[in-house]
Amino acid sequence: MSSLRLVSTVARRAPSTFHILKRGYAEATDKLKLSMVLPHQAIFTSTDVVQVNVAASSGDMGILANHVPSVEALRPGVIEVVESSGSKKWFASGGFATVHPNNKLSVNVVEAAPLEDFSLETIRTNLQEALKVASGNGSEEVKMEARIEADVYEALQHAIASK
């Protein structure tokens, strides 16, 4: 018990040696520097944005300025970039989002395209083909690839239907 008193006495006498960091909400004027890249193209390069919404493997999440640093795996889904002038939506097949200190966000995706570039009829047709192959008599490798393809088409169909 005497060691506990010693620690508490030292803590009271030297408050300037302990830095207590407090987490708060992002201010409306705070911006996030977004870099969103594909293997063959940079979509955003240190662009000031208000918020980025991503489809993380652990669930959908919104990222604002002053977000706690983290790394999130992305599942197939929509990446919404909210700027002062409006928002843009992209469909990504997967990747990683890394929140860095100092209001920086890096989003690395395998493939991404603007949501408005997709046709619902084409998605439905391709989804049916993928499901047919996944339940067919092909090899396990072919079935697994078709199941992954079907998962992406299902996520894309949901994104288009809810936009």
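Reader: In which loop is asparagine 103 found?

Author: The model is a predicted one. In it, asparagine 103 is found in the loop between strand 8 and strand 9.

Reader: What makes the phi of asparagine 103 worth a remark?

Author: Most residues other than glycine have a negative phi. Asparagine 103 is not a glycine, yet its phi is positive, at about 60 degrees. Asparagine 66 also has a positive phi, of about 65 degrees, and is not a glycine either. Asparagine 66 lies in the loop between strand 4 and strand 5 (70-74).

Reader: Why is asparagine 66 called partly exposed?

Author: Its relative accessible area is 32%. Buried would require a value under 20%, and exposed a value over 50%. Because 32% falls in between, asparagine 66 is called partly exposed.

Reader: Why is alanine 150 called buried?

Author: The relative accessibility of alanine 150 is 0%. The cut-off for buried is under 20%, and therefore alanine 150 counts as buried. Alanine 150 is found in helix 3.

Reader: Which residues does alanine 150 touch, leaving aside those up to four places away in sequence?

Author: Alanine 150 touches Leu127, Ala130 and Leu131. A contact requires heavy atoms within 4.5 Å. As for Ala130, its C-alpha atom is separated from that of alanine 150 by 5.3 Å, although the two residues are 20 apart along the chain.

Reader: What makes a group of residues a nonpolar core, and which members of the largest one touch the most others?

Author: The members of a core must be buried residues of the nonpolar kinds set out for it, joined through side-chain atoms within 4.5 Å. The largest such core has 23 residues, and Leu34, Met36, Val52, Ile79, Leu105, Val107 and Val109 touch the most other members. Among the elements that give two or more residues to this core are strand 2 (41-49), strand 3 (51-56) and strand 6 (77-83). Strand 1 gives the most, with 4 residues. A second, separate core has 11 residues, including Ile123, Leu127, Ala155 and Ala159. In soluble globular proteins, nonpolar side chains tend to be buried together.

Reader: Which residues does isoleucine 79 touch, not counting those up to four places away in sequence?

Author: Among them are Met36, Val52, Leu74, Trp90, Val107 and Val109. The list also includes Asn53, Lys88 and Lys89.

Reader: Where is valine 110, and what does it touch?

Author: Valine 110 is in the loop between strand 9 and strand 10 (112-114). Beyond residues up to four places away in sequence, valine 110 touches Leu38, Pro39, Ser93 and Gly94.

Reader: How many residues line the largest pocket, and which are the closest to its centre?

Author: The largest pocket holds about 300 Å³ of space. It is lined by 17 residues, and the closest to its centre are Ala55, Asp60, Gly77, Val78 and His158. Strand 3, strand 4, strand 6 and helix 3 (140-161) are the elements that give two or more residues to the lining. By class, the lining has 8 nonpolar, 4 polar and 5 charged residues.

Notes. Residues are numbered from 1 along each chain as its sequence is written. This is a predicted model: local features need pLDDT of at least 70, side-chain atom pairs count only at pLDDT 80 or more; totals for chains, interfaces and linings use all residues. Side-chain values use heavy atoms; hydrogens and water are left out. Buried means under 20% relative accessible area, exposed over 50%, partly exposed in between (1.4 Å probe, protein chains only). On a 1 Å grid over the protein atoms alone, a cavity is a set of points where a 1.4 Å probe fits but cannot get out, and a pocket is an open set with protein on both sides within 12 Å along at least five of seven lines; lining residues have an atom within 4 Å of a point. Grid points are joined across faces, edges and corners, and a volume is the space filled by probe spheres set on the points. Ala, Val, Leu, Ile, Met, Phe, Trp, Tyr, Cys and Pro count as nonpolar, Asp, Glu, Lys and Arg as charged, and the others, Gly among them, as polar.
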